[in-house]
Amino acid sequence: MVKVTFIEESGKRREIDARPGDPLMYAAKDAGIDGIIAECGGSAMCATCHCYLLEAPNGPLPEPRIDEADTIEFNAHAPQPTSRLTCQVMVSEALEGAVFQVATGR
Ligand code: FES
């Protein structure tokens, strides 16, 4: 398992275990991270799994694919350069120690 930290909308930090090979959103949902809704089930369409990547201690993540980037641009509230859809971030060992802030205000 890979340890990833989420900062919830309340400011609470929660370190969770994520299974390599799964979308990060699955682990966030399983852990009940507040603010991760995932209405579309991981199809990169709803942006209700939107987070900001704050720390990636093992180097940058792969760039978002065009469908993820489009949904962030057109559907996400307050997109930033660090925005990611957690349903499109695949868990790998490279994600160990990463920190994501749940995007607020949908
Ligand atoms: S779950 Fe809908 S965009 Fe990620």
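Q: What is the bridge partner of isoleucine 7 in β5?
A: Good place to start! Strands are DSSP runs of E with at least two residues, and helices are runs of H or I with at least four, numbered from the N terminus. In β5, isoleucine 7 has glutamine 101 as its bridge partner. This is a predicted model, where local features need pLDDT of at least 70, side-chain atom pairs count only at pLDDT 80 or more, and totals for chains, interfaces and linings use all residues. Residues are numbered from 1 along each chain as its sequence is written, and side-chain values use heavy atoms, with hydrogens and water left out.

Q: How many bridges join strand β1 to strand β5?
A: Two strands pair if DSSP finds at least two bridges between them. Here, β1 (residues 2-7) and β5 (residues 99-102) run parallel and are joined by 3 bridges.

Q: What order do the strands of the open sheet have?
A: The 5 strands follow the order β2-β1-β5-β3-β4, with mixed pairing. At the edges are β2 (13-18) and β4 (83-85), each pairing on one side only.

Q: Is threonine 48 buried or exposed?
A: Buried means under 20% relative accessible area, exposed over 50%, and partly exposed in between (1.4 Å probe, protein chains only). Threonine 48 has 7%, so it is buried. This residue sits in the loop between α1 (24-30) and β3.

Q: And which residues is proline 64 in contact with, leaving aside its neighbours within four places in sequence?
A: Contact means heavy atoms within 4.5 Å. Proline 64 is in contact with Ala69 and Arg84. Proline 64 lies in the loop between β3 (50-55) and α2 (66-75).
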